[in-house]
Each structure stands twice: as C-alpha cells, then as structure tokens.
Amino acid sequence: QVQLVESGGGLVQAAGSLRLSCAASGRSFSSYVMGWFRQAPGKEREFVATINRSGSRTYYVDSVKGRFTISRDNAKNTVYLQMNSLKPEDTAVYYCAADWRGPVYSEYVSRRADEYDYWGQGTQVTVSS
C-alpha cells in the first residue's frame, strides 16, 4: 500500500510556471506507474501525464505536450510535474495517482484513471489571466 501527498500548487499568472511534487510513503515506489490527473470545477477528472516505473517512458494529454514534464526520483519516492507556460484553462485541482505493476510491465504507462489504485488528496493550481 502507498500513501500519496501532493504539494506545490498555488496561484500563478498566465505564462508562469509551477512544479508539483507528489511524495509517496510505503515500500516499492519503483514498482508503481505514476500519473497526474486534474479536475476543474464542473468538469470530470482528466488525465494529464503518466510515467513508467523507471522514468524512461512518459505520455501526455495533447493539451499539455511541450509545456508540462513529468519525472520521478525513485530514490526519493517522489514524482514531479513541471508546468511551464501555464494558461487559465490549466486551473484545476491536480491529483497524483499510483498503479502497482510487476516487472513484466516495466514499459507500461496508463492514462486510465480506473487503473490507478491509490490517489493523493489533490493540490489546487490557479492560473490568472
């Protein structure tokens, strides 16, 4: 089992940057595929980015490609989301999530929320115009 705690959210002007962090407690962090999702007011939760167990493979929703970067440090049990060139439409609560996968899934990444077993409490990101 793993517990996830996000941090780094806040208020930023359009075109600014933020870096979100998600610290995981528990064992075997490197066995988890990690993902970032977001939910804006009145909208459904949306996939943002995912990274495989080793950090060698990533995948993004089209709307953030070239602006956001997901990364992980398995020694620190932490996954990051670097967000650059922020837009007002990026305003949302951002959640990190963990999906346990065995070694055979070393290259696996997932954009499906229903595949993730554990979720953080979320961190608010507000981008002003």
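Trainee: Why is Ser28 called partly exposed?

Mentor: The model is predicted, and Ser28 has a relative accessibility of 44% in it. Buried means under 20% and exposed means over 50%. Ser28 falls in between, so it counts as partly exposed.

Trainee: Where is Ser28 found?

Mentor: Look in the loop between β3 (18–25) and β4 (32–39).

Trainee: What about the phi of Asn77?

Mentor: Asn77 is also a residue other than glycine with a positive phi, near 55 degrees. Asn77 sits in the loop between β7 (68–73) and β8 (78–83).

Trainee: Now the charged pairs. Why is the contact of Arg112 with Asp114 called a salt bridge?

Mentor: The closest N and O atoms of Arg112 and Asp114 are 2.9 Å apart. The cut-off is within 4 Å, so the pair qualifies. Side chains of opposite charge can pair when their charged atoms come close.

Trainee: Are Arg112 and Asp114 buried, partly exposed or exposed?

Mentor: Arg112 has 47% relative accessibility, so it counts as partly exposed. Asp114 has a relative accessible area of 58%; the limit for exposed is over 50%, so Asp114 is exposed.

Trainee: How do you know that Arg112 and Glu115 form a salt bridge?

Mentor: Their N to O distance is 3.7 Å. That is within 4 Å, so the label holds.

Trainee: Why is Glu115 called buried?

Mentor: Glu115 has 17% relative accessibility. Buried means under 20%, so Glu115 is buried.

Trainee: What joins Arg112, Asp114 and Glu115 to other residues?

Mentor: Salt bridges with shared partners do. They put Asp99, Arg101, Arg112, Asp114 and Glu115 into one network.

Trainee: What makes Arg101 and Glu115 a salt bridge?

Mentor: The N to O distance is 3.6 Å. The cut-off is within 4 Å, so this pair passes. Arg101 and Glu115 are 14 residues apart, both in the loop between β9 (92–100) and β10 (118–119). Arg101 is buried, and so is Glu115.

Trainee: How many salt bridges does a search of the whole structure find?

Mentor: Eight.

Key: Residues are numbered from 1 along each chain as its sequence is written. This is a predicted model: local features need pLDDT of at least 70, side-chain atom pairs count only at pLDDT 80 or more; totals for chains, interfaces and linings use all residues. Side-chain values use heavy atoms; hydrogens and water are left out. Helices (H or I, at least four residues) and strands (E, at least two) are DSSP runs, numbered from the N terminus. Buried means under 20% relative accessible area, exposed over 50%, partly exposed in between (1.4 Å probe, protein chains only). A salt bridge is a side-chain nitrogen of Lys or Arg within 4 Å of a carboxyl oxygen of Asp or Glu.
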